[in-house]
Amino acid sequence: MFFLIPVIGLLGEVAWSELPGILSSPVVVDALWLSLLSSIAATILAAAVGVPLAWLLARVDFPGRSLLRGLVLLPLVLPPVVGGAALLFALGRRGVVGGPLHDLTGLVLPFSLWGVVIAATFVSMPFLVITVEGALEGLDNRYEWAGATLGAGRWTVLRRVTLPLIAPSLGAGLVLTWARALGEFGATITFAGNLQGRTQTLPLAVFVALESDRATAVALSLVMVLVSLAVLIVLRNRWLRSL
Amino acid sequence: MTGLDMKFALSRGEQFSLAMALAIRPGHTVALLGPNGAGKTTAVAAIAGLLPIDEGHIRLDGRLLDDPIADVFVPPERRSVGVVFQDYLLFPHLTVLDNVAFGLRSAGAGRSEARSVARQWLDGLEIGELAAAMPADLSGGEAQRAAIARALVTQPRLLLLDEPLAALDVTTRALLRRLLANHLNEFSGPRLLITHEPTEAFLLADEIHVLEEGRIAQVGTAEDIRLRPRTQYIADLAGANLLTGRASRGTVMVSGFELHAADTRLQGSVLVTIHPRAISVHRKQPEGSPRNTWPTTIARLEHYGDRIRLQTGQPVPLTAEITPGAAEALALEQGAAIWLSIKATEVSLVAA
């Protein structure tokens, strides 16, 4: 009931007749588009960094492995606002990394679409790393041995044996990561700001609209509930079946 | 020097260490026989390059594969060692054809070229019609052939077989052991068979190395190992009497002598195993339930710890095991005339 009542409350607030008009207003269309773009970009970025990282954590024994694992998982327990602030200090125009980056390339990460993507990647990547690392550890690594004795180098084994074998977990990890990126609020508003059409994603638009325009807030929330339901349906085979 | 030549030691953690030396000439099969935990899988891993050795060397056809002192370690993908793994380990996400084509693709062949060579191998092993099947749909025998094709398609210089028959049920095992013997003979390089099953080692290998707690306990032909086991452990593991004969409704003709067996279903060519402890020794003709009794002499008598093994003479030379107390009570000595008795239920048969 605790989980169901808020959703029912939300459905009761929806002004169904005005829904098409609200959903096609510029603010909503901008936020939808930005959210879609940034969450997909964040997922790709998280996969590009997270899969090799998960492989490293699961397969290679090196000093400081548990420390690295802890660091990777930090965003899971860190309040997102703090994460955003940390990103700002590190990647801001006067930050330790952001400063030199700006001097070299003129690139400014905070308060830009890049900022949105980085904030979303920061908070969502642990989901991918956890899922993929778990799958790699559960995998019978003798399949990788078999690949190696058949002349496949590490990279070929990863591409042709390991990744196909963990494809279901990888898929689930990607969906989770994307869902987390789509819902990201705290780190985004801190690091990327809340500029409509530039950095205002769906959750930020909901937050703003709650103050001024309830109907829009409700409509946007409905969109996100539907997305969440879709995620649950995609993942049902993985989780719900084991219940 | 062609073939495999190795002498190495390695340890895993505090408890386990493996030290062994063996050489295999091309066209020969050596069996590494030992119980679970003896270090067989570790040996496979070391030879295939999945585990580096601590000291010694592994050389294949004159090429140094692993030698810590010379700072040589060839990674598994460049060793040219074909492995048929326990449970076969066919890639579950690839068809049988793509499993076999995998090694060729890794060696740089294009997809269609690799598939056409793989198809020829499948046809050669008479499983061409399974090319499009997934490994999960194969029977044990089909999977074994697919695994052999996959291991041999890249023309390795050494064939390693890790418990190739362990995944099969008893009825298909005899059939597949014969098939395996044929496939082994088609491969011209050195062959190393890893097994915990004495019968497999006796029938498939030219030479047997018995591995016991990480050390080679005995090396010899099947004959040596069976008749002259060097430790009590080997005597227990491999010391069973193994005979060949023809079965017909519960009687087995073994070199002109008739034995009774409890199994009345098996017909034709069979392997007969009789455990030395199942043979009773008497001074006079025994009376009672055992169906098999015959007079013979003691050809040899040897002490093994708390037991005595005796080799009997014609018509069916066997090894029997008794306690020193029994030997003393019966005043047994070399050349003595004795009677043997064996219950029909202790004469076990498998199809040859």
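**Entry 1: A:Arg180 and A:Glu184**

I started with the pair A:Arg180 and A:Glu184. They form a salt bridge, and the closest N and O atoms lie 3.2 Å apart. I am working on a predicted model. Next I looked up the cover on each partner. A:Glu184 has a relative accessible area of 1%, so I log this residue as buried. A:Arg180 comes out at 23%, which makes this residue partly exposed.

**Entry 2: other salt bridges**

I asked how many salt bridges the rule counts over all chains. The count is 15.

I picked A:Arg59 and A:Glu144 from chain A. Their side chains meet in a salt bridge at 2.8 Å, N to O. The pair links distant parts of the chain, 85 residues apart. A:Arg59 belongs to helix α3 (residues 26–59) of chain A, and A:Glu144 to helix α8. Is A:Glu144 buried or exposed? A:Glu144 is buried, since its relative accessible area is 10% and the cut-off for buried is under 20%.

In chain B I checked B:Asp61 and B:Arg157. Their salt bridge has its closest N and O atoms 2.8 Å apart. B:Asp61 is partly exposed at 27% relative accessible area. B:Arg157 is partly exposed too, at 41%. I also noted one network: shared partners join A:Arg69, A:Glu133 and A:Glu137 through salt bridges.

**Entry 3: where chain A meets chain B**

I turned to the interface. On the chain A side, 18 residues are in contact with 22 residues of chain B. The buried area between the chains is about 1,800 Å². Carbon and sulfur atoms give 69% of that area. Which three residues supply more than any others of the area that chain A buries against chain B? They are A:Thr149, A:Leu150 and A:Arg160, with 39%.

I then went through the polar links. The count between chain A and chain B is 1 salt bridge. B:Asp87 and A:Arg142 form a salt bridge, the closest N and O atoms being 3.2 Å apart. For polar contact, the rule finds 3 residue pairs across the interface.

Two elements of chain A give two or more residues to the side that touches chain B: α8 (142–149) and α9 (154–165). α8(A) gives the most, with 7 residues. I sorted the residues of this side by type and got 9 nonpolar, 5 polar and 4 charged.

**Entry 4: chain A as a whole**

I looked up the make-up of chain A. The chain has 13 helices and 0 strands. Its C-alpha atoms fill a box of roughly 65 × 50 × 30 Å along the principal axes. Of its 243 residues, 44% count as buried. Among contacts with a separation of 6 or more, 73% come from residues 24 or more positions apart. Chain A exposes about 12,700 Å², and carbon and sulfur atoms supply 71% of this area.

**Entry 5: B:His183**

Last, I looked up one histidine of chain B. B:His183 is in helix α5 (residues 170–186). B:His183 counts as buried because its relative accessibility is 9%. Which residues does B:His183 contact, leaving aside neighbours within four places in sequence? I found B:Leu125, B:Arg145 and B:Ile148.

Technical notes: Residues numbered from 1 in each chain as written. Chains lettered and ligands numbered in written order. Predicted model: local features only at pLDDT ≥ 70, side-chain atom pairs only at ≥ 80, totals over all residues. Heavy atoms only, no water. Contact = heavy atoms within 4.5 Å. Buried area = accessible area lost by both parts, 1.4 Å probe. Salt bridge = Lys/Arg side-chain N within 4 Å of Asp/Glu carboxyl O. Polar contact = N/O pair within 3.5 Å; in protein donor to acceptor, adjacent residues only side chain to side chain. Helix = DSSP H or I, 4+ residues; strand = E, 2+ residues; numbered from the N terminus. Nonpolar A, V, L, I, M, F, W, Y, C, P; charged D, E, K, R; others polar. Buried < 20%, exposed > 50% of the residue type's maximum accessible area, 1.4 Å probe, protein only. Areas by Shrake-Rupley, 256 points an atom, 1.4 Å probe, with all protein chains shown as cover.
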